[in-house]
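I opened my notebook to look up a few spots in this structure.

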Amino acid sequence: MITTAPRTGTVSAFGQLLIGALLLGLAVWFWHLQGRPWPTMTRSRPAQWTALLGIIAFTAISAPALYSRRHKNVVSEHNPAGALWHVFHASQTGFALELAARTVSLLRGAGHAAALYPLNAFDGERFAESRCLFLVSTTGEGDPPDPALAFVQHAMRAPRALQGIEYGILALGDRSYAHYCAFGHALDRWLAASGAMPMFDLVEVDNAAAPALQAWQAHIAAQTHTEQQDAFARAPLQALALSERVHVNPGSASAAAFELNLAPVQPGIEWQAGDIAEIRIGPADADADIYREYSIASLPVEGRLSLLVRMMHTPDGKPGLGSGWLCQQTKPGDDIQLRIRRNPNFHTPDGDVPLILIGNGTGIAGLRAHLRARIGAKRHRNWVLFGERKRAHDRFYDRDLATWLNEGAIAHLDRVYSRDADSPHRYVQDALAANADRLRQWMDEGAVIMVCGSREGMAPGVDQVLRDTLGDAAVDALMADGRYRRDVY
């Protein structure tokens with residue numbers, strides 16, 4: 001991951017050194033051929049050859065060291081701070097990671113050595129006397145993203161000795177939440193209390209706002225003494241036609257939910273299970289750029305991009321901006337503009353490991369994509385726990401789940417309905433707790449847990465059952481190792 005500055009002029013310096021040493025050796029040799037004595041040395045033939053070989057050996061040994069010293073000087077010339085740039089990311093849905101990777105590319109393009117790390121890799125002693133950039137998101141009501149939880153619990157409990165470190169922070173957030181960019185500000189306070197020095201003020205980014213990203217680029221350009229580049233331009237939008245919209249829970253006491261299918265999938269539109277569709281709300285000629293993020297329920301091989309969208313309402317009863325447009329205002333044949341954003345924190349795990357999929361409500365969309373990917377790879381050790389309100393109305397993707405269960409592609413399926421009196425459990429966390437022995441066995445066999453759905457209620461409840469069953473240290477380790485992944489909202 002680490003690169004160095006270009007080696008301009010280094011090879012020629014090495015060649016000059018080698019030629020000079022050889023000329024010196026030849027000069028001494030000719031001195032001897034003229035009958036002049038070897039200074040303080042014997043005249044024997046072996047001694048003469050030993051002297052010449054010694055000169056050559058000295059050249060071979062010393063030249064690489066001088067070459068390395070010259071190379072280091074070149075790095076310093078390209079980086080006036082004389083230090084490697086370290087770029088750290090903490091991302092919930094992949095956007096902070098994407099921007100961090102672009103920041104590394106920007107630094108390298110300016111001739112600076114730069115490397116990319118997860119935030120958990122930050123250590124004051126290891127990165128002392130260097131420049132560090134932090135690109136971090138805030139999730140929920142001011143919470144750190146899941147990959148940063150271990151760092152918060154262990155590193156940020158108290159100030160550290162970080163004198164000599166210079167830093168900059170890009171904080172991602174959503175201004176509609178009360179605790180806007182809260183984790184970025186918490187990290188800023190901790191770094192400052194630890195003695196690190198900011199290179200510039202924290203940059204807040206509200207929903208990927210372009211002016212804030214341009215401000216971040218301007219700071220990087222100023223620090224690297226380069227011209228500002230448009231390195232953070234978003235990927236272009238692509239249009240898919242709405243081919244079908246189906247009301248999937250008619251008669252439900254829950255808000256209406258709709259399955260939307262966009263097809264055909266055009267060449268160049270690719271995604272994996274766990275990736276996110278960032279959809280532009282409104283027609284193509286709308287003045288404002290407003291986006292909403294949705295889990296993708298299908299895979300490209302199915303020839304369509306499928307969403308499961310819940311109709312939301314504002315406190316005064318008006319349709320939600322995103323769900324109202326998608327579920328009410330659009331009609332089949334209309335173009336939906338979107339871009340795919342990679343979310344590697346929630347990709348399907350590699351290898352034939354057991355997989356525990358837990359979700360509720362529209363979170364089943366993200367879980368369905370993982371099941372489709374696993375079944376396509378002939379990996380059938382899958383345990384699904386899904387919760388909704390009533391069996392009679394809220395059976396999302398029921399046909400798929402029933403088919404895969406009958407075919408043996410799902411090993412266990414626990415469907416939980418909170419409003420049915422005959423349901424053996426009320427919530428998915430209750431079903432998980434009731435199967436604690438199976439949970440321990442699957443985890444001992446290397447299982448990965450993936451949770452998708454409500455941040456309030458379901459996700460904390462599942463987390464508590466995991467901690468009660470496996471222990472806090474084990475759950476923290478699972479999250480750090482990527483064996484406990486969440487996409488909750």
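**A loop residue**

I began with Ala263, which sits in the loop between β8 (257-262) and β9 (276-280). I kept in mind that this is a predicted model.

Next I asked which residues Ala263 touches, leaving out those up to four places away in sequence. I found Ala241, Ser243, Gly303 and Arg304. I also looked up Gly333, which is 70 residues from Ala263 along the chain. Their C-alpha atoms are 9.6 Å apart.

**Charged pairs**

I recalled that side chains of opposite charge can pair when their charged atoms come close. How many salt bridges does the structure hold? I noted 27.

I picked out Arg372 and Glu302, whose closest N and O atoms are 3.8 Å apart in a salt bridge. This pair links distant parts of the chain, 70 residues apart. Arg372 belongs to helix α8 (residues 364-376), while Glu302 lies in the loop between β10 (291-295) and β11 (305-310).

Is Glu302 buried or exposed? Its relative accessible area is 18%, and buried means under 20%, so Glu302 is buried. Arg372 has 23% relative accessibility, so I wrote it down as partly exposed.

I then checked Asp398 and Arg395, which form a salt bridge with an N to O distance of 2.9 Å. Asp398 is partly exposed at 22%. Arg395 is partly exposed too, at 29%.

My next pair was Arg438 and Asp414, with 3.7 Å from N to O in their salt bridge. They also link distant parts of the chain, 24 residues apart. I traced Arg438 to helix α11 (residues 436-444) and Asp414 to strand β15 (residues 412-417). Asp414 counts as buried, at 18% relative accessibility.

Last, I turned to the second largest pocket, which holds about 440 Å³ of space. I counted 24 lining residues. Nearest the centre are Pro147, Asn345, Met479, Ala480 and Gly482.

What kinds of residues form the lining? I listed eleven nonpolar, seven polar and six charged. At least two lining residues come from each of β1 (85-90), α4 (149-154), α13 (472-480) and β17 (484-488).

Where does this pocket lie? Domain 2 (85-224) and domain 4 (348-488) both give residues to the lining, so the pocket lies between them.

Conventions
Residues are numbered from 1 along each chain as its sequence is written. This is a predicted model: local features need pLDDT of at least 70, side-chain atom pairs count only at pLDDT 80 or more; totals for chains, interfaces and linings use all residues. Side-chain values use heavy atoms; hydrogens and water are left out. On a 1 Å grid over the protein atoms alone, a cavity is a set of points where a 1.4 Å probe fits but cannot get out, and a pocket is an open set with protein on both sides within 12 Å along at least five of seven lines; lining residues have an atom within 4 Å of a point. Grid points are joined across faces, edges and corners, and a volume is the space filled by probe spheres set on the points. Helices (H or I, at least four residues) and strands (E, at least two) are DSSP runs, numbered from the N terminus. Ala, Val, Leu, Ile, Met, Phe, Trp, Tyr, Cys and Pro count as nonpolar, Asp, Glu, Lys and Arg as charged, and the others, Gly among them, as polar. Domain bounds come from an automatic or database domain assignment. Contact means heavy atoms within 4.5 Å. A salt bridge is a side-chain nitrogen of Lys or Arg within 4 Å of a carboxyl oxygen of Asp or Glu. Buried means under 20% relative accessible area, exposed over 50%, partly exposed in between (1.4 Å probe, protein chains only).
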